[in-house]
Structures are given as C-alpha cells and as structure tokens.
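Here's a quick briefing to read with the model open beside you. Have a look at the fold, then work through the notes below.

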Amino acid sequence: MSDPIFQRERPTRAYILHPDLKAADARRMPQHRLAEAVSLAAALPNIEVAGSEVVRLPKPHAGHLFGTGKLAELKERLDEGEVDLVLVDGPVSPVQQRNLEKEWSVKLLDRTGLILEIFADRARTREGVLQVELAALSYQRTRLVRAWTHLERQRGGLGFVGGPGETQIEADRRAIDDQVIRIKRQLSKVVKTRELHRAARRKVPFPIVALVGYTNAGKSTLFNRMTGADVMAKDMLFATLDPTMRGITLPSGRKVILSDTVGFISDLPHELVAAFRATLEEVLEADLILHVRDIAHPETEEQAADVGEILESLGVDEDVPLLEVWNKIDALSPQMRDALLVQDARRNDIQAVSAITGEGLDALLSAIETRLGEERYDEVLKLPFERGRARAWLHEQNVVRAETETEEGWQLEVNWSSSQRHRFKAL
C-alpha cells in the first residue's frame, strides 16, 4: 500500500485542505477537523506539513471539487511551497482526484487514502498487515479510473459503446479480485487461530475488560499504567493498531484480562471497519467496556458520539456494561478540573483519571471491580445434547445450581451475572 512518495530521502512536503461543506456534519468545527487532519498527516513518517487551510465550499465542483478561481489560487500556493502531496480531509471521487493531480502536478490523497497509508505503516502482526492490505485493495478497486496512463490506448466494448480503457480496467479489477480472494483465505486461517485463542480464554474464568475510544485519547498510556506493559504510546493518531492483552489483578486479588484495541476516528473508512472486524470482536466479547475519552479535547463530546456510533455499527450488545474513563485531567485548568471531579462524584458510570500521573487509577480499579461484581440472577436453561461444550462451559464458570437430564437434553438452573450470560450467548 505504501507509496514511494513517502519513502524519499528528503521529507515529503504536504499541504492539507479541509473542504467546509454546509451540508456536512455540523457537530464538528472546521478548524478542529483541520487540526485532526494535520495530526493524521504528522502520523506518517517522512512528512513535512508545508501548510493547511479550511476551504469554504458552498457547492462541490463535480470534476475538480473546487471552483476555477480556487483551483488557480491553490496551485499558486502549492507551487510557492514546493508541495509534493495534497491531503484533502474528506471524500474525493476518482475523477476529481485524477483531475486535481493533473491540474496541480502533485500526488493527492483523500481522507480514506490517508488513513489507509497510516494503517499500512503501523500494522505489525500478520493479521494486521493482511487486514490493511484487504482494505487497501477494496479501496483501490473503486478508483481504477485514476493514474492509469496506458488506458487511453485501450478500447473495450463494441463500436462506439465502449469507452477508452474498459478492457484494461476490467483486467485490473479482476487482478485485484484475485488478490482479495487470496488474502481472505490467508486471513481466515489467522482468524481461526485467534478464535482458538479466544475459545481458550473462555475456559479461563477471567473477565475481559476492553479499552475503546477515539484515537489519541490515551488508551495505550492507560493500558501501560494499569498493566506495566510497554505498548507503544505516543501523542500521535493511531500509534497502535494491533490489539494487546494483559492480565491485571484488582484490589481484591481478582484477576481480569485487559485488552487494548485500535483507536476510532470520525469517518473511519468502511473498508477498515470491515477489515478489522475480526480484531474488534475482542470488544464484542468483553465483560466490561472502558470508553476512554480525552476530556481535555475541545470536541470530546463529538468524539464520544463517533465512538458510540462505531460500537453500535459493530453490534456491541447493550447488555455489556460500559464505564466512561475521562482521561487527561492533568491537562485541564484547575477550575475545569474541580468542576469535572464534582460531576464525576455524582455519577457512578464515570471515572476521571490521568494516565500520565496515575491520579484516579485506584478509584478506577475499584469501579471495575464493582461493575464486574454485578448483580446475579437465576435462570433456567434447556440445552440439547449436541451442546455439550456449552454445558461444560457453564460448569467451568461454577454457575450451575441444579441439573436434570431430559429426553431432549439437559435442563439447568443457573445463577449468573449479565456479563456471564452475554459470554454464554457468544459461544
């Protein structure tokens, strides 16, 4: 996926544009979206940000995105800055991308392409590399119209019906489809291995606590603070991609498994959500979700809404308990910090912490213990004989109070928690 433009000896000079469309998501301020785009660019190696700006767009131009006057104005700015790469923080159609690259004589990436470049650079495990490659191929398949200079010499179809390049585009599309099939086969083997590991963890009666949150909210720093691990943690978007799991001991001596996952972001490309679904299934099987928020960020509420939408799209069960962790209180002013702690004290579903200083960590661990020690209730289950593994799991969890064998299978009286019930449903 990585392009040679990012592998030059000298830094690649990039210019970031955020098109401000009136019809776009009004929850986010254009200047904050631009700042996030600049941070995304900085997350790539060998990138030097030459400039950035918000471009007001009453109406996007079909062929070039920007109007004629703005095109000329931006070209002059790009030439003066000796810009190699333009990053457009938003969707750009294949035709617009081709035309803008030709007009400005630079390489251009839209938001999805930029995030894919970052993921390609960050993925470390075999599964992560395959997932990124699959997402990149899915993205490239829709953009075959651009960059193929040899297509003008090809003609497909019959007579005047076929346009230039149809035959070659179809050949390229088939080549991509063949690669997708190959990667999916490889990925299915890796996913089976992960499922075996997950099945092994189910046999161990340790609850799973998953950290989720907007990228750069401080999940990995918090994970390191709680577990003593050394997961990469930088003030950088998508510093970590691959999930990491470690065991921790709560104040009572109870052991739990803590899982650090990939950070979310607004407008996360659907290709990546689909590709990383197997990885994010760790969240689906969690007994408790810790939603880590950067409470010092000016758009923390909007970021929280984006995370909520992605969790919903993944199919996270509403029965799974969720605890909000308001991180980075050390970055707040004394007045805001005091007001926040008062609000924190009034709600039992919020914990204010600083992953950097460790403040609030003891209270967080106690809150995790309280949540995992949730109310238990009685239920009667009927299992057919072919569900012997599910019956064995219930006994391993020590939730069976009585059992009767019937002609159809077993009838079990269980006393369990909501999280145990959720994990049973996932078997």
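This is a predicted model: local features need pLDDT of at least 70, side-chain atom pairs count only at pLDDT 80 or more; totals for chains, interfaces and linings use all residues.

The chain holds 14 helices and 13 strands, and buried residues account for 49% of its 427 residues.

**Whole chain**
- Among contacts with a separation of 6 or more, 71% are between residues 24 or more positions apart.

- Six strands make up an open sheet with mixed pairing, in the order 6-7-5-8-9-10.
- Strand 6 (244-249) and strand 10 (350-352) are the edges, each pairing on one side only.
- On average, neighbouring strands here are turned by 25 degrees against each other, ignoring direction.
- Helix 10 (residues 300-314) packs on the sheet, where it touches strand 5, strand 8 and strand 9 (322-327). The direction of helix 10 makes about 150 degrees with that of strand 8.
- Helix 12 (residues 361-372) also packs on the sheet, with strand 5, strand 6, strand 7 (255-260), strand 8, strand 9 and strand 10 as the strands it touches. Its direction makes about 170 degrees with that of strand 9.

**Strand 5 up close**
- Strand 5 (residues 208-213) runs parallel to strand 8 (residues 288-294), and five bridges link the pair.
- Two places to look along that pairing: valine 209 has leucine 288 as its bridge partner, and glycine 213 sits opposite valine 292.
- Strand 5 also pairs with strand 7 in the parallel sense, this time over four bridges; leucine 211 stands opposite aspartate 260 there.
- Is strand 5 mostly covered or mostly open? Mostly covered: six of its six residues are buried.
- That goes for both faces, with Ile208, Ala210 and Val212 buried on one side and Val209, Leu211 and Gly213 buried on the other.

**Helix 4**
- Helix 4 (residues 111-122) spans 17 Å from its first C-alpha to its last, close to the 16 Å expected for its 12 residues.
- Because 10 of those 12 residues are buried, helix 4 is largely enclosed by the rest of the structure.

- As background, nonpolar side chains in soluble globular proteins tend to be buried together.
- The largest nonpolar core has 37 residues, and Leu87, Phe264, Val283, Ile289 and Leu311 touch the most other members.
- Elements giving two or more residues to this core are strand 1 (12-21), helix 1 (30-42), strand 3, helix 4, strand 5 and helix 10.
- Another core of 24 residues lies apart from it, with Ala229, Leu290, Ala355 and Leu361 among its members.

**Two loop residues with positive phi**
- Most residues other than glycine have a negative phi.
- Leucine 65 has a phi near 70 degrees, which is positive. It lies in the loop between strand 2 (47-57) and helix 2 (68-80), and its relative accessibility is 5%, so it counts as buried.
- Glutamate 82 has a phi near 50 degrees, again a positive value. You'll find glutamate 82 in the loop between helix 2 and strand 3 (85-88), and at 58% relative accessibility it counts as exposed.

Key: Residues are numbered from 1 along each chain as its sequence is written. Side-chain values use heavy atoms; hydrogens and water are left out. Buried means under 20% relative accessible area, exposed over 50%, partly exposed in between (1.4 Å probe, protein chains only). Two strands pair if DSSP finds at least two bridges between them. Axes are lines fitted to C-alpha atoms, for helices over the stretch in contact, and angles run from 0 to 180 degrees between N-to-C directions. Contact means heavy atoms within 4.5 Å. The expected span of a helix is 1.5 Å times one less than its number of residues. A nonpolar core is a set of buried Ala, Val, Leu, Ile, Met, Phe, Trp, Tyr and Cys residues joined through side-chain atoms within 4.5 Å.
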